[in-house]
Structure formats: C-alpha cells, structure tokens
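Here's a quick briefing to read alongside the coordinates. Have a look at the structure first, then work through the topics below.

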Amino acid sequence: MDTIHLPQTKVEELHTICAEHNNDAGELINILHAAQGLFGYLPREVQEIIAADLRLPVSRVYGVVTFYSFFTMTPKGKYPISVCLGTACYVRGAEKVMDEFQRQLEIKVGETTSDGLFSLDCLRCVGACGLAPVVTIAGKVYGRMTPEKVRDVLSEYYMLGE
Amino acid sequence: MAQYTNYILVCGGTGCRASQSEKIIGNLKAAVEKNGLQKNVQVIRTGCFGFCEKGPVVKMIPDNTFYVQVQPGDADELVKEHLVKGRKVERLLYVNPETNEQILDSKHIDFYKKQLRVALRNCGFINPENIDEYIARDGYVALGKAITEMTPEEVIKEIMDSGLRGRGGGGFPTGLKWQITRKVQASQKYVVCNADEGDPGAFMDRSILEGDPHSIVEAMAINGYCTGANKGLVYIRAEYPLAVERLMIAIKQAKEYGLLGDNIFGSGFSFDIEIRYGAGAFVCGEETALIHSMEGLRGEATVKPPFPSEQGYKGYPTNVNNVETYANIPVILLKGAKWFSSIGTEKSKGTKVFALAGKVNNVGLIEVPMGTTLREVIFGIGGGIKDGKKFKAVQTGGPSGGCLTEKHLDLPIDYDNLLAAGSMMGSGGMIVMDENDCMVAMAKFYLDFTVEESCGKCAPCRIGNKRLHEILQKITSGNGTEDDLDRLRNLAMVIKDTALCGLGQTSPNPVLSTMDNFYDEYLAHVHDHRCPSHQCRELTQYYINPEKCKGCTLCARVCPVHAITGDRKVPHVIDLQVCIRCGTCMDKCKFDAVYVH
C-alpha cells in the first residue's frame, strides 16, 4: 500500500484528540469522528497512529472503521454527492436519479471523479421525505429530484470550478 | 423582559430547512424591524410541524393563521399585510383539496384535525433552544413531582399502570423494564436513550429531538431516579447534526437551571447526561449492538440473556429506551396513568407517531391514538394517494416489517394486530405504495438494505439474506423459475427461525409478506417474464405509439441519453439499444403516446 505522508501539524493535532479522550479505547468511535473531521477520511496511517495511542491492535481500529458506513478510507470529492436511497425516496424514483448521476459522472457509488471534484454515495433517509427524492451536495439539499434535473444541478458546481 | 403580543412561528425541522426556512426566518426578522415591530413581535424557530408536504410552514400566534409553502421572498408581504394591516395573505393559506376552500386555522385542517399529539405535544409550538418555553408548558414539573413527592416505586407503578410499551419497535412494557433495572444490585447503573433511528423513511425520533429536546432530558432524569442510575447516555446518529446541536443546548441549559447535575431539587439525587455518536449502522438500534458501539466496538449483537437491564454498558445494569418512549413519560406523570391508559386499545395504550411517506398526498409526521385504522391514517390524514392513483400496499415497520394491503385498511393499528397481519409496529415508518410499485422489486429493495446492514456475526443473516437477495435478483431480471419461489420461501423461514438478533429474525418479513399478498406478481415475473408494474427494468421496454404521437419533441428533449429521434410534427422513435428505461419520456408525454411492453 502506498504511504502518504501526513502533515506533521495534523499528526500533532491527532495526538491531541486522542489525549483529550484520555487515550481511552472506549472512546474509539468518538476519536474516529474527530479524526475524520480533521483529515476528511481515515487513511491507514491515521488508524495506525490512533491504535498506537490507544494501545489497541490496528486490526481493532480497522474493524471498527470498516463496520460503520459513516467512516471512509477514501478521500471524498470537493463536492460530495449523497443520493438518499431511503424507502420514501426509493418509491419516488431515487434509483433512477442515482443511475443518472453515475452515468453523467462516469463513476460508481463510493467512487470519486478523477478531477477530485465529485464523489458519489448513497445514504438512508435525511428525513426530508416530503421532498423525496432528495439529493445532498456538499450539505445543500436538493428536493424533488428527477433524472433530467441532474445535468443542471451538476453544472452549478462545474461553474463554481476547481 | 420584552412583552410580545404576536409571535411568528417558523418550522426549523430538517425538511423545511431544506426549503430555505432559515432564510425565511432571517427575512421575517428584517421585515419586523423595518416596520418597527420588534418590541411587539417575536420570530421563533420551532421544531417540526409535521406537515412536511406543505413546507416551509409559518404560523401566526395568537390568531393561529397557518401559512404553507412560504418562500423567503414572501416575508415582507407577510409582515406588512398580516401584522401591520391585519389582512391575511390569501395566496399562502392552505386550500382544502376537496372543497377548494381556504382554511385559516391549522386546527381545522384535516391533516391535524384527526391527530392526537402527546409525544409531539411541543413540536411546532416552542422554541426548542429555549428552556423557559419548555418550562412554560409544564416542562420539568413531572421531574420535580417525581423526585420531591414520589418514591421511585410509585413512579414505576404509575408507568406500569399507564400500559406504555416501548416505541422503538419491540413493544416491551416500559414500566417492567424500569423495575427489572431497579431490582438489580450494582455499584453503578446507566440510563440510555436510543436515538439511532435507522429505519430508512422514519424520522420521528429526530423530529422530537429537534423540536422538544428537553422532554427527553427530563424523562431520562426521571428514569435515573427510578432505576438508581446517575448517568445518562444518548446514543444518537452523527447524521443528525441539528438534533445533536439542540440536544447539547438543552443539556447545557438544564445544567444551568440545576435540573441536571448534583443534588437536583435539593433531594440528594444527582444525574448527568452525555452524548455518544453512532456512525451509521442499522443494527445498532438493537440494544446489545448499541451498547457495544458505545463501548467503542463493532456494533455486533450478542445473545440475550443477559439482558442489558442486568448487564449492559461496561457490564453494569443499563436501561435502554427509545426517544418516543421517553417523550411520553413526563405527560404520564402529569396527567396520570388513568388518562394515558384511556387512550388506545386493550393491549396498546396511548398514541403512536408515524412518519407517513411515499405515494401519499400529505407526507409528514403524524400522531394518532393506538387503534386508529390504516384507512383513517392514509386517506383521512394522508389525503389519499398521489396523482389520483390506486392504493396498493403500505409497509409498516421498515425493513423488518411487512406490507399490508387493501384488505387490512380497516385494521385498528396496534402492536398485536400488526404482528398478526404479518407486519410489525417497528419504529413507526409508514411507506405508502401505489399501483405502479412492483412488490417483488420492493422486497428486493429491503433485502438490499438488510444485506448491507447485516453485522455478519451469525450465518443465517450474513449468508442467508445474501442468497435471498440473489434469488430476488434472478426473478426481477426475468430468469427466475417456480422452484426459485419455493426456495425463497423456505430459506426465508429458516432465517426467521435461526438468526441471532432482531435484525436477522425480521429481515425475511418483506419477502414473506409480499409473497403472501402478491403471489400473482411473483408468478408473472417467473412464468411470463413480465413485470406487471413496469418497474423491473430488465423486463421493460418503452415504445412510442405513432398514432398518438404528435411529434411535439418534448420526449426527445427530456431523454437523458438522447435515445429518441424524430422531426417536429412527425411521430418519434425510441432506439432500444440506447434507451436506459428511465421512463422520463412516459412521465412527460402529454398525449399518452409512450407505452410499455
């Protein structure tokens, strides 16, 4: 596996996060939340540092990271796209919206475009079922989506540019 | 303190916020100041009103005028017309779709008229970020009464007499759970609030936390007093940032007021609450999995007994209740067990909150007495099926439940009736499906979810559900045989009997209930290689009827893959090689010229 060199200041910050949680193994999930907030994702190096600080085997940390869908080991795009595939959105055609995003961006669910601009994920229910089907892009919510709206929505972000 | 005469309540729930309700609040505040009304009029951001379909919602107090689908640009007019000139802004009033009448007061809207709000009593009425507003509506009175006037046994007896059952899905008697936790001897005990709402399409717990977080804080403290715990933990989804924020504010305010912390009401009872984040795992709604997750482990379920009430978080007795269950506690203590048990059916007391969604006119959050029929909920409150289509089925209980059909519409909703009908109460998701939904594809959708969310610990769930999904995939792509249907049913029964936890034991329910109620649809897929609802793409092809097509070019313009060609005023043609079968052309055609074969 490639080794990426994490910036030293961020590594220091990660040690601080662990220390703030008393290097307690019981706080692992809270620490991972904070670490993902810091790095945007949880690469192998980050997991190794946390494991060392908490005196845990790396396998335990890795097991937790891969168990929960909120944690990711791949960096997200600049504008992360999440298509809601909750039941309410599904019966109102979310699957077709998802297919259209995959087609337009030429990536699959869980991947990031090669220019690093977009990543595509599904999520289960944001609770705005009145607006189904719902898509969120970088935190902004788009309601009542249709496959034909996908191009327009994406072009908003292409215009914002890199 | 300012003396306000008028209040403008604006919904700050997730649905309305997604439709710019924050901007509406900002614009309303600016308009109030511009008109010099800031001394008399207060703009308040409340929790969810429930009527999400018509959001963003704005309500004027004291005259209760209910404005729907308000845009940020409407703020000026609302203030100028309604507050300054005293005239209603008619174009923003709710219109009864049946009579075309404008309705001023939300009390007279069908959607609200048929509801009884107990757990949601404060949602949409108070500013959830202000403890004084909660106290003004009898907040923390129940806690005071419990601690200063009642013994823990008396409180538990009251909860038992009320007949309250767990609202997370299982329906275990709440009072009994508290008593079991109380009786276990231990140096430390914990009270946990399960706010890991994972059912896709259910959002009642989040709405309660966003709209009335203090009721949860109060109920957890009461629970701590009864069970002998002095530490509360809320396990909440990290995907609910607004609920987390409001809960944190509530906990901080309660501490400042001495309603949490040491020596509450000078009684010697101390109680504190901390927040633990979930990280997106459906199985963590199961008690034992939730506790493992709080301990920093993978959220895998373990065999019960020991029950968490005996041996839970870090090995100590832990009382786990769901958000909606807690929301009922303060009211029961204030109004009494007798009042509460007078609502509902023989074995299911009180009310239940449902997240009504899918193909129904009024999507939203509703609360009705137990025993209300599905027909009243879907057609009375929900306003019937969208676009005048025909009702087909309703799924209750999320991925663990089953679908109910036309013949169940007059069934009074309660724990036992739903179970007997092959579904379950679950947390209260209610997804309505119309004639265009394929039930085989629905079963596959739920299995998709279960396969992804299975924790992998036991083989029936990890491997069995995967195989179920594969068989369904085979059927929906037109390659299934009648043997597959038998295999499907047998395997579903085996998983139901042998899986370790609630997730696995209930995961075949969508398959079994759709097979029971819609076997003809399964047969159409395997015999005729046909999807009667035209949902399964591998079995569907779109064509244009040249006799009906007027050559308006609309379909060609909306087709995302440019599969449709044809000149203006000449019938168009779909290139079946290019077509991705999205159905957009069929939805858009004004002449009914697109058909499926």
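One cut-off to keep in mind: a residue is called buried if 20 or more other C-beta atoms lie within 10 Å of its own, exposed if 12 or fewer, and partly exposed in between. That makes B:H534 partly exposed, because it has 19 other C-beta atoms within 10 Å. Bear in mind, too, that this is a predicted model.

- An unreviewed UniProt entry lists A:C84, A:C89, A:C125 and A:C129 under "binding site".
- These four span 46 residues in sequence, yet no two of their C-alpha atoms are more than 9.6 Å apart, so they gather at one spot.
- A:C84 sits in strand β1 (residues 79–84) of chain A, and A:C84 is buried because it has 31 C-beta neighbours inside 10 Å.
- Not counting residues up to four places away in sequence, A:C84 touches two others from the UniProt list, A:C89 and A:C125, along with A:A94, A:L123, A:V126, A:P133, A:V134 and A:V135.
- A:C129, on the other hand, belongs to the loop between β2 (118–123) and β3 (135–137) of chain A.
- With 33 C-beta neighbours inside 10 Å, A:C129 also counts as buried.
- Beyond its sequence neighbours within four places, A:C129 contacts A:A88 and reaches across to chain B, where its partners are B:C52, B:G201, B:F203, B:A355, B:A357 and B:V363.

**Where the chains meet**

- How many residues does each chain bring to the contact? Chain B contributes 39 residues and chain A contributes 35 residues.
- On the chain B side, α1 (14–18), β12 (351–358) and β16 (429–434) each supply at least two of the residues that touch chain A.
- Sorted by class, that side of chain B has 19 nonpolar, 14 polar and six charged residues.

**The five-stranded sheet of chain B**

- Two of those contributors, β12 and β16, also turn up in an open sheet of five strands in chain B, ordered β13-β12-β16-β14-β15 with mixed pairing.
- Which strands stand at the edges? They are β13 (364–369) and β15 (402–405) of chain B; each has a single partner strand, so one side of each is left without a neighbour in the sheet.
- On average, and ignoring direction, neighbouring strands of this sheet are turned by 30° against each other.
- As background, strands of a sheet pair through backbone hydrogen bonds, either parallel or antiparallel.
- β12(B) and β16(B) pair in the parallel sense, over four bridges.
- B:G358 stands opposite B:V432 in β16(B).

- B:L365 is located in strand β13 of chain B.
- Is B:L365 buried or exposed? B:L365 is buried, because 33 C-beta neighbours fall inside 10 Å.
- Leaving aside neighbours within four places in sequence, B:L365 is in contact with B:C48, B:G50, B:C52, B:F203, B:M204, B:S207, B:V353 and B:A355.
- Among these contacts of B:L365, the residues B:C52, B:F203 and B:A355 are also partners of A:C129.
- B:L365 and B:K189 are 176 residues apart in sequence, and their C-alpha atoms are 34 Å apart in space.

**Backbone geometry to check in chain B**

- The peptide bond from B:K304 to B:P305 is cis, with omega near 0°.
- The next one along, from B:P305 to B:P306, is cis too, with omega near 5°.
- B:P305 is in the loop between α12 (287–294) and β11 (318–322) of chain B, and B:P306 is in that loop as well.
- B:N263 isn't a glycine but has a positive phi, near 55°.
- B:N263 lies in strand β9 (residues 261–264) of chain B, and B:N263 is exposed because it has 10 other C-beta atoms within 10 Å.
- B:H534, also not a glycine, has a positive phi near 60°.
- B:H534 lies in the loop between α22 (519–527) and β17 (542–544) of chain B.

Technical notes: Residues numbered from 1 in each chain as written. Chains lettered and ligands numbered in written order. Predicted model: local features only at pLDDT ≥ 70, side-chain atom pairs only at ≥ 80, totals over all residues. Contact = placed C-beta atoms within 7 Å. Nonpolar A, V, L, I, M, F, W, Y, C, P; charged D, E, K, R; others polar. Pairing = 2+ DSSP bridges. Axes fitted to C-alpha atoms, helices over the stretch in contact; angles between N-to-C directions. UniProt positions renumbered as here; feature names shortened; annotations may be inferred.
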